[in-house]
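Colleague: Could you walk me through the charged side chains in this one? I'd like to go pair by pair.

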Amino acid sequence: MGRRKVYVTVNAEHKPDGSCCPKTIRMADEAEYEIDKVLQVCRAASTVGGRGVRYTVRIGHSETHLFDEQNGRWFVEAKFG
């Protein structure tokens, strides 16, 4: 099973200290996922191309990486195959 870059819509809380906390991810097919917990935030490169602020998030029992390219675009490393 491989991964690919998929741009998503993110609902995030922007705090007075300048930090950002993503709350939900909506895929192109309109499926929406609530982020249960942000586990880690760091600057990183993605294995599928691109870089930015990487949020390691928990959705249900799964962990995934959500990237903020800091240009208004967000993407996930989606599984396929």
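Colleague: Is E13 buried, partly exposed or exposed?

Modeller: Bear in mind that this is a predicted model; in it, E13 counts as partly exposed, because its relative accessibility is 37%, and a residue is called buried under 20% and exposed over 50%.

Colleague: And which side chain does E13 meet in a salt bridge?

Modeller: That would be K23, with an N to O distance of 3.5 Å. The pair links distant parts of the chain, since E13 sits in strand β1 and K23 in strand β2 (residues 20–26), ten residues apart. K23 is partly exposed as well, with a relative accessible area of 35%.

Colleague: OK, how many salt bridges does the structure hold?

Modeller: There are four. One of them brings together the side chains of E69 and K5, at 3.3 Å from N to O.

Colleague: Why does that pair tie together parts that lie apart in sequence?

Modeller: K5 belongs to strand β1 (residues 2–14), while E69 lies in the loop between β6 (62–68) and β7 (74–80), so the bridge connects parts that are 64 residues apart in sequence. E69 counts as buried, at 19% relative accessibility, whereas K5 is partly exposed at 29%.

Colleague: Switching topic, what does R26 pair with?

Modeller: R26 forms a salt bridge with E30, and their closest N and O atoms are 3.4 Å apart. Salt bridges with shared partners join R26, E30 and E32 into one network.

Colleague: Within that pair, how exposed is E30, and what about R26?

Modeller: E30 counts as exposed, at 55% relative accessibility, whereas R26 is partly exposed, with a relative accessible area of 28%.

Technical notes: Residues are numbered from 1 along each chain as its sequence is written. This is a predicted model: local features need pLDDT of at least 70, side-chain atom pairs count only at pLDDT 80 or more; totals for chains, interfaces and linings use all residues. Side-chain values use heavy atoms; hydrogens and water are left out. Helices (H or I, at least four residues) and strands (E, at least two) are DSSP runs, numbered from the N terminus. Buried means under 20% relative accessible area, exposed over 50%, partly exposed in between (1.4 Å probe, protein chains only).
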